[in-house]
Amino acid sequence: MSDLPLHAAGVLSREQLRERIHADPPLIAEWLDLESQLQPNGFDLTLAEIRRFAGPAVLPLDNAGRILPPLELVEPDERGMYHLAPGAYHILYNEVVHLPPDLMALGRPRSTLNRSGVTIHTAVWDAGYPGRSTSLFVVVNPYGFQIARGARLMQLVFITLAKPVAEGYAGRYQQENLSRRA
């Protein structure tokens, strides 16, 4: 019976998230307002900055030749509001996430974004990933969208694995944006 899970897999609750946030290392660090960001089944990530795509990208068969597109910083107005035309943007979050070997995460846009004609696309957050991540932010609303720096925009849902991974994420984005204070 060695194939039995070490513990039941499932989504972490607000209480479980709070425990792990106060652990060492913290599951999530550099949050803005813990009580408003903790949700019953996840944690809301907040907007640090927005960049606009300024050129093409390349994804060949061999990752060695991968080229990410150049990005240009979008500046907020004097009130900290971004005024975005329809299109695709690259966003950076304020929070630093440190996923241990027994957790992975999935990010979903907050429902207000969907109701506003805006969405976020993100990849799977693998067990073992530490970093300040980024996502694709798409304004579909033909009239544009306004958002404040620091706004809660994506809920990260943490899922326990039936067994911790023996080797966690070790890709190119390991430790990304940690030297950058959002």
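Trainee: Which residue in S14 does Val-11 stand opposite?
Mentor: In this predicted model, Val-11 stands opposite Ile-159 in S14, and that belongs to the pairing of strand S1 (residues 10–11) with strand S14 (residues 152–160), which is antiparallel and made over two bridges.

Trainee: And how many bridges join S4 to S14?
Mentor: Four bridges link strand S4 (residues 42–53) to S14, with the two running antiparallel, and within S14 it is Arg-152 that Thr-46 stands opposite.

Trainee: What about S9, how many bridges join that strand to S14?
Mentor: Strand S9 (residues 103–109) is joined to S14 by seven bridges, again in the antiparallel sense, and Gly-107 of the chain faces Leu-156 in S14 as its opposite residue.

Trainee: Switching topic, is Gln-39 buried or exposed?
Mentor: Gln-39 has a relative accessible area of 19%, so it counts as buried, because the cut-off for that class is under 20%. Gln-39 sits in strand S3 (residues 38–39), and, leaving aside residues up to four places away in sequence, Gln-39 touches Arg-14, Asp-44, Arg-152 and Gln-155.

Trainee: Now the backbone: which peptide bond is cis, with omega near 0 degrees?
Mentor: That is the bond from Asp-24 to Pro-25, and Pro-25 is placed in the loop between helix H1 (14–21) and strand S2 (28–29).

Trainee: What is the phi of Glu-30?
Mentor: Glu-30 has a positive phi of about 60 degrees, although Glu-30 is not a glycine. Most residues other than glycine have a negative phi, and most peptide bonds are trans. Glu-30 lies in the loop between S2 and helix H2 (34–37) and is partly exposed, with a relative accessible area of 32%.

Conventions
Residues numbered from 1 in each chain as written. Predicted model: local features only at pLDDT ≥ 70, side-chain atom pairs only at ≥ 80, totals over all residues. Heavy atoms only, no water. Buried < 20%, exposed > 50% of the residue type's maximum accessible area, 1.4 Å probe, protein only. Contact = heavy atoms within 4.5 Å. Pairing = 2+ DSSP bridges.
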